[in-house]
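Visitor: I would like to learn how to read charged pairs and nonpolar cores in a model. Please give the general idea, then the case at hand.

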Amino acid sequence: QVQVVESGGGLVQAGGSLRLSCTASGKIFSVDTMAWYRQAPGNERELVAQITSTGTTRYGDSMKGRFTISRANTRNTVDLQMNSLKPEDTAVYYCTAKIFRLGYTWEDYWGQGTQVTVSS
């Protein structure tokens, strides 16, 4: 009934940029916070950035000043602009959205993830 789909991952050299996009679709009544997380092999999943429906943002410490999160509420989309990428940014990046459907409660929905690889 609800899908969260990411796009935009790929291979980039250190110092380069990538832009990830995510769209939530389906029988959605309202979307609250949308966020990006990442997980590298052997590591726990960590917050990259999040943005509320009113535009309040929060970033992981190592992403501050390099990554920018933005969203288009009318389209239930969230983008992540990643600049000055480092090899340690290599990970699978996941999009998540807190979604309300009529007749249900708020639930967190996750995408399948998109691979970002930064070569040195």
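Visitor: Which side chain does Arg38 meet in a salt bridge?

Guide: Side chains of opposite charge can pair when their charged atoms come close. A salt bridge is counted when a side-chain nitrogen of Lys or Arg is within 4 Å of a carboxyl oxygen of Asp or Glu. Here Arg38 pairs with Glu46, at 2.7 Å from N to O.

Visitor: What should I know about the model and its numbering before going on?

Guide: This is a predicted model, in which local features need pLDDT of at least 70 and side-chain atom pairs count only at pLDDT 80 or more, while totals for chains, interfaces and linings use all residues. Residues are numbered from 1 along each chain as its sequence is written, and side-chain values use heavy atoms, with hydrogens and water left out.

Visitor: How many salt bridges does the rule give?

Guide: The count is 6. One of them joins Asp79 to Arg19, with the closest N and O atoms 3.3 Å apart. This pair links distant parts of the chain, since Asp79 is in strand β8 (residues 77-82) and Arg19 in strand β3 (residues 18-26), 60 residues apart. Strands here are DSSP runs of E, at least two residues long, numbered from the N terminus.

Visitor: Is Asp79 buried or exposed?

Guide: Buried means under 20% relative accessible area, exposed means over 50%, and partly exposed lies in between (1.4 Å probe, protein chains only). Asp79 has 19% and counts as buried, whereas Arg19, at 41%, is partly exposed.

Visitor: Which residues are linked with Arg38 in a network of salt bridges?

Guide: The network consists of Arg38, Glu46, Arg66 and Asp89. Asp89 and Arg66 form a salt bridge with their closest N and O atoms 2.8 Å apart. Asp89 is in the loop between β8 and β9, and Arg66 in the loop between β6 and β7, 23 residues apart. Asp89 is buried at 1%, Arg66 at 11% and Arg38 at 5%; Glu46 is partly exposed at 33%.

Visitor: Which residues touch the most other members of the largest nonpolar core?

Guide: In soluble globular proteins, nonpolar side chains tend to be buried together. A nonpolar core is a set of buried Ala, Val, Leu, Ile, Met, Phe, Trp, Tyr and Cys residues joined through side-chain atoms within 4.5 Å. The largest has 31 residues, and Trp36, Phe67, Leu80, Met82 and Tyr93 touch the most other members. Strand β9 gives the most to this core, with 5 residues.

Note on methods: Helices (H or I, at least four residues) and strands (E, at least two) are DSSP runs, numbered from the N terminus.
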